[in-house]
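Take a look at the structure first, then we'll go through it by topic.

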Amino acid sequence: MPSFTLKELFNFKPPQANRLGWIDYAKGIAIILVVYRHVLFGLKSSGMVVSQWIIDGNNMFYSFRMPLFFLLSGLFFERSITRKGEMGFFVTRVNTLLYPYVLWAFIQITLQIIFSSFVNAHRTGADYLNILIQPRHLDQLWYLFALFNVTLLYLLIAKLFRYDKFAQVLVSLGLLAIAPLVNSISTLYDVALHYIFFCIGNLTAAYFFSQKVQEKLSSAYGLLILLPVFAVCQYYFLYHQQMNLFLYAGIALVGSLFTIMLSFQLSKYNALPFLRTFGHYSLYIYLLHVPIVAVIRYFLLATTMKQYIVPLLLLLIFIAIFFSIVVYRICMQLRLGFLFTGPFKAKPYNPQQSEMVTQKTHL
């Protein structure tokens with residue numbers, strides 16, 4: 001059996017690999033907001049009385065946290081295609097998005113049925129059908145399926161229109177326009193709503209990865225100028241959550257840009273490095289935090305902690321993130337990586353051979 005030290009298990013220094021620090025910072029901020037929402041709703045479902053300002057805090061930041069994940073994913077679309085090829089890119093997304101989604105949705109539903117007397121959710125065998133039809137009915141896991149579907153559709157549109165980005169813009173706007181019509185089927189609605197953010201990520205990738213643009217984005221003055229716009233947008237969203245989706249997209253983009261600029265500042269000074277660590281493990285935190293919180297919450301609510309909602313909320317957020325990372329590391333040490341990544345393989349990709357085929361096609 002593999003051995004590991006406690007130091008390795010509980011080491012939460014940010015990754016030193018050749019990674020873009022601001023990306024991890026942005027993901028770290030977003031995943032904290034995700035966990036905040038799920039912990040809060042878990043406490044409310046358990047019968048806890050939650051102050052309105054805590055609920056408002058969650059609702060204000062709800063506007064941009066998931067669009068931000070789609071935008072960040074879109075930034076790497078063409079880079080991934082160039083490095084892996086279209087088939088390699090598709091197989092990778094199956095392994096890292098579709099496979100863990102289906103597996104963990106099945107595990108989560110099964111556990112919720114078995115331990116129905118201890119959890120807030122009430123599941124039946126019919127909920128297994130919702131894995132593909134109504135992912136939003138299955139708590140937090142819908143995002144993985146939505147991102148996979150958006151990515152797959154984006155790839156298909158790219159191939160159909162020979163990577164014409166103007167075509168992607170038209171598709172994005174069209175999907176956002178029809179999103180209210182498919183609101184009753186969350187699989188379709190999530191694609192229609194979030195496709196535009198993935199598209200914007202792809203369209204702006206060259207700018208975000210430009211050295212000159214990054215210098216501007218890391219400007220403290222720019223962040224301060226954007227701050228009041230960000231605050232007004234979030235305040236408006238708090239009281240107008242049934243707004244037109246095109247207006248919503250604008251507010252979400254302001255929030256995403258503010259978070260990215262804040263992430264550039266944090267990366268520039270290597271401040272709050274734990275956020276970068278959280279971002280590095282954001283996918284696994286997303287997969288693991290709900291069942292971990294459910295167990296810990298059950299025991300904490302049997303203590304005097306239930307009288308102190310704010311400390312309890314903060315403690316559960318910390319526990320959810322901390323133990324999600326620890327559990328993931330233990331699983332990897334025990335060679336249980338199949339719980340997080342699929343086994344499918346793609347043929348080796350040769351970029352030069354692909355270029356030769358393209359040239360022959362145009363001759």
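**Helix packing at a glance**

H2 and H12 sit roughly perpendicular to each other (that label covers angles of 65 to 115 degrees). Keep in mind that this is a predicted model, where local features need pLDDT of at least 70, side-chain atom pairs count only at pLDDT 80 or more, and totals for chains, interfaces and linings use all residues. Residues are numbered from 1 along each chain as its sequence is written, and side-chain values use heavy atoms, with hydrogens and water left out.

**H2 against H12**

- Helix H2 (residues 21-45) packs on helix H12 (residues 273-280) at about 85°, with 6 Å between the axes (lines fitted to C-alpha atoms, for helices over the stretch in contact, with angles from 0 to 180 degrees between N-to-C directions).
- On the H2 side, the contact (heavy atoms within 4.5 Å) includes Asp24, Tyr25 and Lys27, while H12 brings in Arg276, Phe278 and His280, among others.
- Sorted by type, the residues of this H2–H12 contact come out as 7 nonpolar, 4 polar and 3 charged (Asp, Glu, Lys and Arg count as charged; Ala, Val, Leu, Ile, Met, Phe, Trp, Tyr, Cys and Pro as nonpolar; the others, Gly among them, as polar).

**H5 against H13**

- The axes of H5 (residues 77-114) and H13 (residues 282-300) come within 11 Å and cross at roughly 5°.
- That makes H5 roughly parallel to H13 (angles under 35 degrees).
- Thr96, Pro100, Trp104 and Gln108 of H5 meet Leu283, Leu287, Leu288, Val290 and Pro291 of H13.
- The residues in this H5–H13 contact split into 7 nonpolar, 2 polar and no charged.

Methods
Helix = DSSP H or I, 4+ residues; strand = E, 2+ residues; numbered from the N terminus. Parallel < 35°, antiparallel > 145°, perpendicular 65-115°, else oblique.
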